[in-house]
Amino acid sequence: GLNASLIRALASAPVGLSAGLNSSSTFDLAVKSLSASFKCLPGLSFSLFLRGSRYHKILKNEPLIRNGIDCGTLAVLRYFHASPELLARKGIEEELGLKVSKKKPKGKYSKRERSPPVVAPYVPKLKRTNKSLQERTVEIFDGMTLVELAKRTGEGIGVLQDILINVGESIDSEFHPLSIDIAELIAMEVGASVKRIHVSEGKEILPRPPVVTVMGHVDHGKTSLLDSLRQTSVAANEAGGITQHLGAFVVSMQSGASITFLDTPGHAAFSAMRARGAAVTDIVVLVVAADDGVMPQTLEAISHAKAANVPIVVAVNKCDKPAANSERVKLQLASEGLLLEDMGGDIQVVEVSALKKTGLDNLEEALLLQAEVMNLKARVDGPAQAYVVEARLHKGRGPLATAIVKAGTLVCGQHVVVGSEWGRIRAIRDVVGNLAERATPAMPVEIEGLKGLPMAGDDIIVVQSEERARMLSAGRKKKFERDRLLKISNGRAEELEQSEEVPQRAEMPIIVKADVQGTVQAVTDALRSLNSPQVFVNVVHVGVGPVCQSDVDLAQACGACIVGFNVKSPASSITMAATQAGIKILMHRVIYHLLEDIGNMIVEKAPGTFETQVAGEAEVLNIFEIKGKSKAKGGDVKIAGCRVIDGCVSKTATMRLLRSGEVVFEGPCASLKQEKHDVEKVGKGNECGLVLCNCDAFQIGDVIQCLEQVVRKPKFISSESGAVRIEC
């Protein structure tokens, strides 16, 4: 029993204890209990037991106690923990009388030979700049893991975990699925742009009506065609007879089907509106006037439809006019790459007349056929995904957003995030203005209850709580401000690099106020397109709503003029304050007139360029020479007797002497006389005597040109398509 207890105690001791490196309370307690057991037996002790056991060979030359340490026990431990192979080798060497040679140290201060270090080439770490992060777009989806997000953003998992803790979320592991809102917050925090990938699968997927966008050149009859389809008269009420907004409405066809139509402007200034219309649509109706043919905005509409990968249905309008030629229109469209049905393609062509209301049934049939081929379906259950078509500010109801639901159902009372703004949906109204509890796919609605005015083109996402909506909105605003400051700093750096080459330009600050967000963007883009090498159009502030006192104060501070487009006239007090401060307020309802007025102001503001032009020409008919009487009065003087053959000759101007078309001399005029009288100017058909400074090499038949410096102002040019530019 004592022998078994000893083996258990030795087995419980760690290996390092045999070398005296550490201690073990378990082993000490076992040895103490064994010693106590041996004391109970008369005439027997623990040391004598070890001497008589199988460990007696180890303890022959080993003292039991040295410096207060039980050396015998340590020796037994070393023997117990040694491997059987090592013990067998030791026993063979001892039997053969071999001694294991041990290497002796060379000395206390001996140097060890070291191999030369391997010099590796230095590879600097490439730091990722903010610009590369800004340009990179990360696709995120609901349920993605932290590992997947780290791969897409290029950041470490530890960095993303720290951001996750800062936003107040906790996960069990890096493979835990994240919600799409949290994934967007993390991606925006590391500086990457985000693109949401929504799942189209759902429990309830039903057919939906098609969304059709009507596009084409200005004044080709797009709004009139829609008026004929829905039996209204919108075109007659529009300023200037042209569409300057993006409208959405539902039209119920005679067959009972409903189609959601988007009416886009055709003017060149509203290119961004047409691009937004093509991005959200299912089918594009390209309206081309039969008497006008393919125009610049027609080509732009085709490019927008191709970029959005949307099928096109061509509607040739105004076929009732005498000058209509639909075959010419088809040939023009075919030359632009559209494969029409008449030519073996798949693009349908319908000839209509919005004024006579002919061909509308064929257009309806073509649209429904195209929608049936596309098999349009959408998820009805789950959170909604919507797209902002237009946004405006109402005096009593606050910010309003016109949106089209893509998938899901938008319910009144939900918390939504629209771009960088958030809010709780207070009311949903249809296109007629009636209140609705919910909005289904392909249904245009007006949302009320946002905290701020969103940008046209923003996506609407539904979130779970107000806290999540606030957090996501704050993150997007922070990312937007960071990108804006980075863009400004990059622009200033480029200006500094090009400052030596670009001449100084006059600045024309402008404040833009309009009725809806899309119009603000269109007017701002149109004004910025009027930039020229001489005048810089600086849009210092934009806003939705009428002109107010704060706009006048800002204009007074920066010396700007205020442009109000499609808004009510300001109050008399605001007009009086602007007049006293010397601020111009331009109120317009038609984009043509606005751009024309601003173009004329730019021409007036431009410093112009100095040019040399010929003011008049004189032909030398005879040469008269006057000899000087003394050195004090001067030497000989040659006078050119001339007749002015074109324009006029001025004494203060620079003269150029031409002989056979080559310049002989160019310099100032010393004297100009007519009938012995000094004159300043001689007109066409008159004769005069002319003396040039430091030049007397006249010959009969030479031509003397009168040169003058003039300031040439830029020109405001407007094309037939509506595009405007400043030509310097």
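**Exercise 1.** Classify Asp181 as buried or exposed, then find its salt-bridge partner.

*Solution.* Start with the accessibility: Asp181 has a relative accessible area of 7% and is therefore buried. The classes are buried under 20% relative accessible area, exposed over 50% and partly exposed in between, with a 1.4 Å probe and protein chains only. The model is predicted: local features need pLDDT of at least 70 and side-chain atom pairs pLDDT 80 or more, while totals for chains, interfaces and linings use all residues. Residues are numbered from 1 along each chain as its sequence is written, and side-chain values use heavy atoms, without hydrogens and water.

Next, look for the partner. The side chain of Asp181 meets that of Arg468 in a salt bridge, at 3.8 Å from N to O. A salt bridge here is a side-chain nitrogen of Lys or Arg within 4 Å of a carboxyl oxygen of Asp or Glu. Asp181 lies in helix 9 (residues 180–189) and Arg468 in helix 15 (residues 466–498), so the pair ties together parts that are 287 residues apart in sequence. Helices (H or I, at least four residues) and strands (E, at least two) are DSSP runs, numbered from the N terminus. Finally, Arg468 counts as buried because its relative accessibility is 14%.

**Exercise 2.** Which residue forms a salt bridge with Glu184?

*Solution.* The partner is Arg476, with the closest N and O atoms 2.7 Å apart. Glu184 is in helix 9 and Arg476 in helix 15, so far as placement goes, and the pair links distant parts of the chain, 292 residues apart. Both Glu184 and Arg476 are buried.

**Exercise 3.** Describe the salt bridge of Glu446 with Arg392 and the network that Arg392 belongs to.

*Solution.* The closest N and O atoms of Glu446 and Arg392 are 3.0 Å apart. Glu446 sits in strand 20 (residues 444–450) and Arg392 in strand 13 (residues 385–394); this pair links distant parts of the chain, 54 residues apart. Glu446 is buried, with a relative accessible area of 14%, whereas Arg392 is partly exposed, with 28%. Salt bridges that share partners then join Arg392, Arg397, Arg426, Arg429, Glu446 and Glu448 into one network. The protein has 21 salt bridges by the rule used here.

**Exercise 4.** How are helix 17 and helix 18 oriented to each other?

*Solution.* Take the axes of helix 17 (residues 549–558) and helix 18 (residues 572–581): they come within 10 Å and cross at roughly 5 degrees. Axes are lines fitted to C-alpha atoms, for helices over the stretch in contact, and angles run from 0 to 180 degrees between N-to-C directions. Angles under 35 degrees count as roughly parallel, over 145 as roughly antiparallel, 65 to 115 as roughly perpendicular and the rest as oblique. Helix 17 and helix 18 are therefore roughly parallel. As for contacts (heavy atoms within 4.5 Å), Gln549, Val552 and Gln556 of helix 17 meet Ile574, Ala577, Ala578 and Ala581 of helix 18.

**Exercise 5.** Where is Thr298, and which residues does Thr298 touch?

*Solution.* Thr298 is in helix 12 (residues 296–307). With a relative accessible area of 0%, Thr298 is buried. Leaving out residues up to four places away in sequence, Thr298 touches His217, His220, Leu286 and Val288.
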